[in-house]
Amino acid sequence: MTSLYESLLLKLANVVELATQDQGAFTPQAKQALVRSTKDFKDSVREAHQYATTLPGGELSVEEQDEVIDMLEKLKERKRRQLAEFAERVSTISSSQQDVSLKMELDSTASTPA
């Protein structure tokens, strides 16, 4: 679809060029070329518009899109904080379990007869 949007400028330039040619009175061929070029441009604009409005969120205004982006960035930040808190808890639990395991090993060694 990128090629569709890139071609719009070229098609518009072609329409403008045909419309502004210095030919005094338009010949039937020149008129036909302008009509074809204008129709091609119009069809491409219609296709690009249809494509843009069928994209998820394509019906939203720029302001609405900015609001959605802002909400998603806040959600992402909240999830990152939750993940960091979870990682810290896991680290704390792992450390305390290692301490308990080490104490049990020391107690076991101390109580084993030589």
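What follows is a working chat about a predicted model of one protein chain.

Me: Before anything else, what kind of model is this, and how are residues numbered?
Reply: This is a predicted model, in which local features need pLDDT of at least 70 and side-chain atom pairs count only at pLDDT 80 or more, while totals for chains, interfaces and linings use all residues. Residues are numbered from 1 along each chain as its sequence is written, and side-chain values use heavy atoms, with hydrogens and water left out.

Me: OK, how many helices and strands?
Reply: The protein chain has three helices and zero strands, and from the N terminus on its elements run α-α-α. Helices (H or I, at least four residues) and strands (E, at least two) are DSSP runs, numbered from the N terminus.

Me: What share of the residues is buried?
Reply: Of the 114 residues in the protein chain, 8% are buried, where buried means under 20% relative accessible area, exposed means over 50%, and partly exposed lies in between (1.4 Å probe, protein chains only). The accessible surface of the chain comes to about 9,700 Å², and 59% of that belongs to carbon and sulfur atoms; accessible areas come from the Shrake-Rupley method with a 1.4 Å probe, and for residues only the protein chains shown count as cover.

Me: And what share of the contacts is between residues 24 or more positions apart?
Reply: Among contacts with a separation of 6 or more, residues 24 or more positions apart account for 55%, with contact meaning heavy atoms within 4.5 Å.

Me: Let's look at leucine 8, then. Buried or exposed?
Reply: Leucine 8, which sits in helix H1, is buried, with a relative accessible area of 16%. Leaving aside its neighbours within four places in sequence, leucine 8 is in contact with Phe41, Ser44, Val45 and Ala48.

Me: How far apart are leucine 8 and phenylalanine 41 in space?
Reply: Leucine 8 and phenylalanine 41 are 6.7 Å apart, C-alpha to C-alpha, although 33 residues apart in sequence.

Me: Which residues does serine 37 touch, apart from its neighbours within four places?
Reply: Serine 37, a residue of helix H2, is in contact with Lys11, Asn14, Val15 and Leu18 once those neighbours are set aside. At 8% relative accessibility, serine 37 counts as buried.

Me: Which residue pairs with lysine 11?
Reply: Lysine 11 forms a salt bridge with aspartate 40 at 3.5 Å, N to O. That pair links distant parts of the chain, with lysine 11 in helix H1 (residues 2-19) and aspartate 40 in helix H2 (residues 28-54), 29 residues apart. Aspartate 40 counts as partly exposed, at 37% relative accessibility.

Me: And what does aspartate 43 pair with?
Reply: One partner is lysine 39, at 2.8 Å, N to O, and these two are separated by about one helical turn because they are four residues apart in helix H2. Another partner is arginine 46, at 3.1 Å, N to O, and aspartate 43 and arginine 46 are three residues apart in helix H2, so about one helical turn separates them too. Salt bridges that share partners join Lys39, Asp43 and Arg46 into one network. Aspartate 43 is partly exposed at 29% relative accessibility, and arginine 46 is partly exposed at 48%.

Me: Last topic: which residues form the nonpolar patch on the surface?
Reply: The nonpolar patch consists of Val68, Met71, Leu72 and Leu75, which together have about 320 Å² of accessible area. Patches are made of residues with over 30% relative accessible area and no salt bridge, with like charges joined within 9 Å and nonpolar side chains (Val, Leu, Ile, Met, Phe, Trp, Tyr) within 5 Å. Valine 68 lies in helix H3 and is partly exposed, with a relative accessible area of 35%.

How values were computed:
Salt bridge = Lys/Arg side-chain N within 4 Å of Asp/Glu carboxyl O.
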